[in-house]
Amino acid sequence: MDVSVQLLLFLILFPLITAFFMLAVRRDYERRWIVKISALLIGAVTVLLLVTQFDKGTVYYGFNAEAVNQLMFVLEMAISLLILWFAVRYRNYLVMALTIAETALIIWFEAASTPAVLVTSPLFIDQFSIIMALIVGIIGSLICVYSLGYMRHFYLNHTGIPDRTNTFFLVIFVFISAMFGLVFSNSLVWVFFFWEVTTLCSFLLIGFTKTEEATKNAFTALWMNLLGGIAFAAAIVYLTYQPAGMLGLDQVLVSGKALILIPAALVGFAGLTKAAQMPFSSWLVGAMVAPTPVSALLHSSTMVKAGVYILVRFAPIFQGTVIGYTLAFVGAFTFLIASGIAISQTNAKRVLAYSTIANLGLVTACAGIGTAEAIWAAILLIIFHAISKSLMFLSVGTVEHRIRSREIEDMNGLIVRMPRIAAMMVIGIAGMFLAPFGMLISKWAAIQAFIDAPFGLVFVVILIFGSALTLFFWAKWMGKLLVITPNVENVEGLVDKNEWIALVSLAGLTTVTAFIFPVISSVLIEPFLRANYGSVALLSQDNIIIMVMMLFLIVLLPLSILLPHRKHRNLPPYMGGVATTPDMHFQNALGAKTEMKLANYYVGPWFGEPRLARAGVWLCTAFIVIMFAAAVVGGGFL
Amino acid sequence: MISLAGAVAFILLAPVVGGLIAGIDRKVTAHMQGRVGPSILQPFYDVGKLFEKEDAVVNETQRFYVLSYFIFAIFTGALFFAGGNLLLVIFALTLAEVFLVLGAYAANSPYSHIGAERELLQIMAYEPMFLLAAVGMYVVTQSFNVSDIAGFPELVFVLLPGVFLGFVYILTIKLRKSPFDISTSHHAHQEIVKGVTTEFSGPALGFIELAHWYEVVFLLGFVYLFFAASPVIGIIAIIIVYLLELAIDNTNARVKWQLAVKSSWAVALVLGAANIAVLYLLGRV
């Protein structure tokens, strides 16, 4: 067997082995070592894959997979039964109905067994798969390592509930395995199988704490993703009845557009649900009830990234079609509206959630536009977002355990109380919206891509307004962290070593990727685009040099604090002449002692969640309806 | 493409030009108000004096933010006059502004805190129009590079009158002129003391003032870009625009931030986006 296919199979199967070990271990240190070694191995093998495969182009692995197909069918039935069991137990009729509908579609497809079913090469690898594998392998592994510290704290804080750490890690490793399977599968049937596994895993993880709220939100996530699953299954059934064998990604992408508009719309819809685009964004916000590493995992390297992954894969089909444009509108409006809602959120994790939804919207918009330049921007967004967002979530998780709060207002002056973690968060936030860090480079690329696309102006305008909103909520959060409050102790104490490993690595990655993104682009993204589009998008050399200059300035400027400077005098802040104690207490007009407190603007009347979310749901639903109408009309008569 | 000479010239000359503009500004404003006003060189004396003052800070991190603001304000203009990418120029400007805002936050002072919030709202207000101006120039000249736009043979203004008006509208915010001097003001009638700059004094305030001069020269350079095909018209346009801003400054009371944000966005859509949309329709259909 070829070395690369061995690596591939290792990445898919090895996490499963670790997962089974999790069933067996009892002692904490055993678990710690198994998780650490597995994480290290997974990360190392993804890097090995990069080193050995980056210049090989697209490679398909053909073999007779009949046995695997049957095993997958059996497992799919088992998943359906498991979900059905949960639905019955919690009396959730919607999930019951959706599961039955989906299972019926799967059985229909299995029974049909037309010639189309045969996919000669079920597995494949190309540069985009490698990028996704790196995201899953490196960031996913770091989140696992972080979880070791987090879960111990978690059970110290939640003593009332039974310790289910083993289950936690088991599900997470199955999740990682499914993500690897998803990005390496050429057969759409296989993609669908792994797709369903991620749905199940996210359901289990969101409901992990088994509180009433967690269970409710887990079911919300479940029914929305099942809806997407049904659409995906319907697409597969549709393709089964096409003349040519079209169940491989390679075959779908080279077939004529008219033939596959309907399945493309269905897969696009499935992508929207998994990528938490409006009107399906509420599941990702609800998923916040889960332990923080789960949020990090769902938001950065897995789950939602599966949604945008499939959209980017199908982008050549979307390009220039009504389906593509409606998808792009859903994404663009989700970006605009979610960015607005993020301004009004006071809870740090909700801000992060809405920012994720917004950024996935931008990726969706790029995928819907589907030109080479847009896909270049989309892949950059996927990479940079994964890194910065996981860093932000993990930092918030650590802070939460210290200050027992997720409120941004409670993070006032964090740089004094917990300087090192606050620094991590500042790097993360800078990575999300400031030049010359990753997300801003990607937005720049997106503007460039939209402006050159037909009808692109509309998207440019939405993007410009959306990023102005983004700037406001990130900058005010950053400001809150950097307030220098007087007379406050450093309470950072000893942060768990495993948490530190993850935080420092991610902060390092945020900075390093901004430096080396031209290399990432030329080694991985551009060959992928050349293979799929024939043309390549480029930033000119001058601009890259200028950005590296800016980055050096930003890295060096904090050192200016060390420079020798003139003798200075420290004065208290101006309080309008009122006598104020050093800890910022003063006597108010009625003679009472009052503490000076500062709070950020949240502009509720403009950006309140209920109002904006309702508008987004209606708007995006309308576009989805148009998308299906166009698919039926165009697909039926072209 | 990148001209180092342009960047160096900007770094050396902009403080002189910016200071003179500030001096003329004060003289003209004084005349509008029926006063004689100070000497045109007064801003130089003022800033010089700031640097002689005692270095008093609320906390030591302020120095870092001011320095970063100063350096990136210069960087922005230098990149512009070197002929660099217009989007990158705007991103660099945002970065500079964010450093100023962070410095205001760090002071933990009620007045500078409100100033910082308002400054962010102002950035949110002007940025869409600013970027649309760059997009408009791209649609006309097919390039984001200032060098290419400046070398475009025709007046960009002719095709982008709406974008130009929109830009002049947000220029009021950037120049910190009434009715949009919401986060801080050159006039002594600000209800939040000096807003975003309240807690900066002495040399730190001197650097902020210098950075503002650099910004003013860059912004007027942006105005010139609309007329770059004809330098004479360009210079006249700069003079007219600046005098117009002064007239607006002296005849308007400060508005609430809500109006500033709403009207700037409306202008960006109605004048900016609509103008570019018309170009699209004329050019591509």
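Buried residues make up 58% of the 638 residues in chain A. Buried means that 20 or more other C-beta atoms lie within 10 Å of the residue's own; 12 or fewer means exposed, in between means partly exposed, and C-beta atoms are placed from the backbone. This is a predicted model: local features need pLDDT of at least 70, side-chain atom pairs count only at pLDDT 80 or more, and totals for chains, interfaces and linings use all residues. Residues are numbered from 1 along each chain as its sequence is written, while chains are lettered from A and ligands numbered from 1 in the order in which they are written.

Chain A holds 24 helices and 5 strands. Both are DSSP runs numbered from the N terminus: H or I over at least four residues for helices, E over at least two for strands. The radius of gyration of chain A is 25 Å, close to the 26 Å that the globule rule gives for 638 residues, so chain A is as compact as a globular protein of that length. The radius is taken over C-alpha atoms, and the rule is 2.2 Å times the number of residues to the power 0.38. Along its principal axes, the C-alpha trace of chain A spans about 85 × 55 × 45 Å. Consider the contacts in chain A between residues at least 6 apart in sequence: 83% of them join residues at least 24 apart. Two residues are in contact if their C-beta atoms, placed from the backbone, lie within 7 Å.

Now to helix packing. Two packed helices are described by the angle between their axes and the distance between the axes. In chain A, helix α13 (residues 304–318) packs on helix α15 (residues 348–369) at an angle of about 15°, with the axes 8 Å apart. Axes are lines fitted to C-alpha atoms, for helices over the stretch in contact; angles run from 0 to 180 degrees between N-to-C directions. α13(A) and α15(A) are therefore roughly parallel to each other. The cut-offs are under 35 degrees for roughly parallel, over 145 for roughly antiparallel, 65 to 115 for roughly perpendicular, and oblique for the rest. From α13(A), the residues A:Val304, A:Val308, A:Leu311, A:Val312, A:Ala315 and A:Phe318 meet A:Thr356, A:Leu360, A:Val363, A:Thr364, A:Ala367 and A:Gly368 of α15(A). By class, the residues of this contact are 9 nonpolar, 3 polar and no charged. Ala, Val, Leu, Ile, Met, Phe, Trp, Tyr, Cys and Pro count as nonpolar, Asp, Glu, Lys and Arg as charged, and the others, Gly among them, as polar.

Helix α1 (residues 4–32) and helix α2 (residues 42–52) of chain B cross at roughly 115°, and their axes come within 7 Å. B:Gly19, B:Ala22, B:Gly23 and B:Arg26 of α1(B) make the contact with B:Gln42, B:Pro43 and B:Phe44 of α2(B). These residues divide into 3 nonpolar, 3 polar and 1 charged.

The two chains also meet. Their contact takes 53 residues from chain B and 44 residues from chain A. On the chain B side, β1 (55–57), α3 (61–81), α4 (86–106), α5 (110–141) and α11 (257–284) each supply at least two residues. The largest share, 14 residues, comes from α5(B). That side of chain B has 36 nonpolar, 10 polar and 7 charged residues.

Some single residues follow. A:Met392 lies in helix α16 (residues 372–403) of chain A. With 31 C-beta neighbours inside 10 Å, A:Met392 counts as buried. Not counting residues up to four places away in sequence, A:Met392 touches A:Leu352, A:Met425 and A:Gly428. B:Phe226 sits in the loop between α9 (202–225) and α10 (231–251) of chain B. B:Phe226 counts as buried, with 27 C-beta neighbours inside 10 Å. B:Phe226 and B:Phe157 are 69 residues apart in sequence, yet 4.9 Å apart in space, C-alpha to C-alpha.

Finally, the backbone. A cis peptide bond joins A:Ala435 and A:Pro436, with omega about 0°. The bond from B:Ser178 to B:Pro179 is also cis, with omega near 5°. A:Lys210 is not a glycine, but has a positive phi of about 60°. A:Lys210 is exposed, with 11 other C-beta atoms within 10 Å. B:Val193, not a glycine either, has a positive phi of about 55°. B:Val193 is partly exposed, with 19 other C-beta atoms within 10 Å.
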